[in-house]
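I opened the model to look up the ligand shell first, then a few helices and single residues. My entries follow in the order I worked.

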Amino acid sequence: MISHNLQLVSNRIKLACAAADRPSDAVLLLAVAKTFGADAVREAAAWGQFRFGENYVQEALDKMDALADARASGGQALEWHLIGPLQSNKTRPVAERFDWVHSVDRLKIAQRLSEQRPAHLPPLNVLVQVNTSGEESKSGAAPTEVPDLVRAIDALPRLRLRGLMALPAPSPDERAQHAAHHGLKTLFDSLRAEGLPLDTLSMGMSADLEAAIAEGATMVRVGTAIFGGR
Ligand SMILES: *Cc1c(COP(=O)(O)O)cnc(C)c1O
């Protein structure tokens, strides 16, 4: 089941890249494993998937422990991405165990992650989460705050600033999907034009990955279409 789904998702990504005149390796697949156990991750890894996204810190740490010896087929070590909200009292295990954090939305969190990143590990890859839908309840920095935040994070020694992430309000309307992703891409391009070293635009999920790829996503975060409903 998981192997078949991985095949279907990678075909969707390939088709969307072709439709957008982008090379088929322009978009990386992050498999979002929240609420699924270590066995599901192990099964995906057996088919070559090695990038995994998690929302909840404790759940992720338990899975990492259970999978301490696991490798993807081909020998790749598993790569762990935190994509859920991060509170400042939970930064230490994240700095110590994750490879990427997509959900940095304020400087205090970034400073703590930088201070707590162990010296023997490479710098922690971070994305700034942007609130593109403007809803009060959502996490993410307001688009107007993002340039200053990104510049400040770029100066932190133990972080490697990689780009932006967004989680737009779900919409069945394709035009609304495109508009949300287009807004993030525009912001991404303007920061790159300033010389900031951004190479990753994390947007698009099971339901809207085609729209995200058309608008320039370089990493799509896919849960349901790989592991099933939650
Ligand atoms: C759950 C989640 C996803 C995956 O969503 P699906 O619709 O299951 O593909 C992607 N990004 C974030 C931030 C999530 O919380």
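How many nonpolar, polar and charged residues are in the shell around the ligand? I get 5 nonpolar, 4 polar and 3 charged residues. The model is a predicted one.

**Ligand shell.** I listed the residues around the ligand: Val-32, Lys-34, Asn-55, Ile-83, Leu-167, Met-205, Ser-206, Arg-221, Val-222, Gly-223, Thr-224 and Arg-230. I then looked up polar side-chain atoms facing ligand atoms. For Asn-55, a polar side-chain atom is 2.7 Å from a ligand oxygen. For Lys-34, an N or O atom of the side chain is 2.8 Å from an oxygen atom of the ligand. With Arg-221 the ligand atom is a nitrogen, 2.9 Å from an N or O atom in the side chain. I also looked up the cover: the ligand alone exposes 390 Å², and the protein buries 89% of that.

**Ser-206.** I picked Ser-206 from the list of residues around the ligand. Ser-206 sits in the loop between strand S7 (200-202) and helix H8 (209-214). Is Ser-206 buried or exposed? Its relative accessibility is 17%, so I file Ser-206 as buried. The side chain of Ser-206 has a polar atom 3.0 Å from the backbone nitrogen of Ala-225, and it reaches the backbone nitrogen of Thr-224 at 3.4 Å.

**Helix H6.** Next I took helix H6, residues 146-154. I note Val-146, Leu-149, Val-150 and Ile-153 as its buried residues. Why do I say that the buried residues line one face of H6? Viewed down the axis of H6, they fall within an arc of 95°, so they line one face of the helix. As background, an α-helix has 3.6 residues a turn, so residues three or four places apart point the same way. The cover over the buried residues of H6 includes strand S4 (100-104), helix H5 (107-116), strand S5 (124-130), strand S6 (159-166) and helix H7 (174-193).

**Helix H5.** For H5 I list Ile-109, Ala-110, Leu-113, Ser-114 and Gln-116 as buried. What covers them includes helix H4 (91-97), S4, S5, H6 and S6.

**Thr-186.** Thr-186 has a relative accessible area of 43% and is partly exposed. I also checked Thr-186 against Arg-97, which is 89 residues apart from it along the chain. Their C-alpha atoms are separated by 32 Å.

Definitions and conventions. Residues numbered from 1 in each chain as written. Predicted model: local features only at pLDDT ≥ 70, side-chain atom pairs only at ≥ 80, totals over all residues. Heavy atoms only, no water. Near = heavy atom within 4 Å. Polar contact = N/O pair within 3.5 Å; in protein donor to acceptor, adjacent residues only side chain to side chain. Areas by Shrake-Rupley, 256 points an atom, 1.4 Å probe, with all protein chains shown as cover. Nonpolar A, V, L, I, M, F, W, Y, C, P; charged D, E, K, R; others polar. Buried < 20%, exposed > 50% of the residue type's maximum accessible area, 1.4 Å probe, protein only. Helix = DSSP H or I, 4+ residues; strand = E, 2+ residues; numbered from the N terminus. Arc of directions from axis to C-beta. Contact = heavy atoms within 4.5 Å.
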